[in-house]
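Some notes on the model follow, as numbered points.

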Amino acid sequence: MDEQACFEAVAQRVPSLRHFRCDQLQDPTFMKAVLQDVIVPGMGRGDLRIENGRVAAFDPSRPTKEPRIVMPALVEAHCHLDKCHTLHRLADVGGDLSAALAAQAQDKSNWTEDDIRSRAARGLAELEAAGCGRVRSHVDWGNETAAPLNWTILNELATDQRERSVLSLAALTAITQMADPGFAGSVARAVAGHGGALGAFVLQHAGRTEGLDNMFTLADRYGLALDFHVDEGLAPGLDGLEAIADTALRHRFEGPVLCGHACALMNLGSADLARVADKLARAGVFVAALPTTNLYLQGRTGGTPDRRGLTRLRELAAAGVPIVVGSDNVADAFCPVGQHDPMAALHLAILAAHLDPPFDPWLDLVTTNAARALGQTPVTVIGAALTDLRISPARDIAELISGRAGPLLPIALPLEADQ
Ligand SMILES: [Zn+2]
């Protein structure tokens, strides 16, 4: 269902919305209105008073049979807009992570300016249609110190819609490259010039200690956020996540650090897990679960897997480690299925990691926690501009997360003031 059709479906169910149009959101400054009987995750059910295009108050109300959910726009904390939608030209994507890396390396010969721009724009449009207000895409940096073509094109895309600040980028390097101070410094300066984040792929590579030290030093110097792909595997002994936490603590780093994947935490016994979680919590490191890609690539043994690629979301959350969920790969060598929709990723994480009800707090993984992980101020409903909020006809949070009610929509208000 497209956005307008879905909105009309909401309006049919909710008489007070029948005269609203999505495009009226564009000029909210004159509005004074009440959104009646809404569910605000974490707050409960009531009326939202709107003044000058912002939520002024949340008042108790008489419940109706047709509540709607109002919540912050989703934040996509981890995707790859330079890789997405390449599946149609890949020969074989049924292998593990190394097979995916090899298939993707071959496909790079197709990465022309037009190819990258059209695929990335499609991915970004999908994210916005899913209700995203903010997106971070990783961008493969390659072997040169100068920014690669895919960075340049995605940066143009980010600049094109800068007014809305939707897209920001993270350079994806290899930690071995970042062990070279000259290489690391060049990438950090280029990233800083474009308001991006500094990132690297981290396993047990040579030069990991030096690479991490360089990255934290440069991030501190240029005020950069850090974003790692770390321990993306289930092999015993992977300890990159703990190495990052140790480095963050040693540098007393205060900027945001986001660590994606961390599947190898599944190998740890309770004492080791508690030690790593304690370090992550003290360092304020965010951990992102990326269930689609990890479930697809990890635990391959030739049969039905009995070990699944996923990080320890429940234990990390219980230990005070801020956690997020992201969409990661879509229709590429790393995940032939998938979708650009953090709510769909959360749905999968709830099933795969047994994230139990009440579901309200888990929405933070794709809203407020995800924003903080990117170094951005999270949106909370009270005081928020309507443009930063989304609405759903879902009757409860489980229905919202399931996707049965359709995507989150922009909020539209009536032209008539003083409802
Ligand atoms: Zn990724």
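1. Which helix is included in what covers the buried residues of H2? Helix H10 (291-297) is part of that cover. Helices (H or I, at least four residues) and strands (E, at least two) are DSSP runs, numbered from the N terminus. Contact here requires C-beta atoms, placed from the backbone, within 7 Å.

2. This is a predicted model, in which local features need pLDDT of at least 70 and side-chain atom pairs count only at pLDDT 80 or more, while totals for chains, interfaces and linings use all residues. Residues are numbered from 1 along each chain as its sequence is written.

3. Helix H2 (residues 97-107) has Leu 97, Ala 100 and Ala 103 as its buried residues. Seen down the axis of H2, these fall within an arc of 125°, so they line one face of the helix. The arc is that of the directions from the helix axis to the C-beta atoms. On the face turned away from the buried side, H2 carries the exposed residues Ser 98, Ala 105 and Gln 106. Buried means 20 or more other C-beta atoms within 10 Å of the residue's own, and exposed means 12 or fewer; partly exposed lies in between, with C-beta atoms placed from the backbone.

4. The protein is divided into domain 1 (3-73 + 380-410) and domain 2 (74-373), with bounds from an automatic or database domain assignment. Their C-alpha centres lie 31 Å apart. The contact takes 15 residues from domain 1 and 16 residues from domain 2.

5. On the side of domain 1 that touches domain 2, strand E4 (68-72) and helix H14 (397-402) are the elements that give two or more residues. The largest share, four residues, comes from H14.

Terms used: Two residues are in contact if their C-beta atoms, placed from the backbone, lie within 7 Å.
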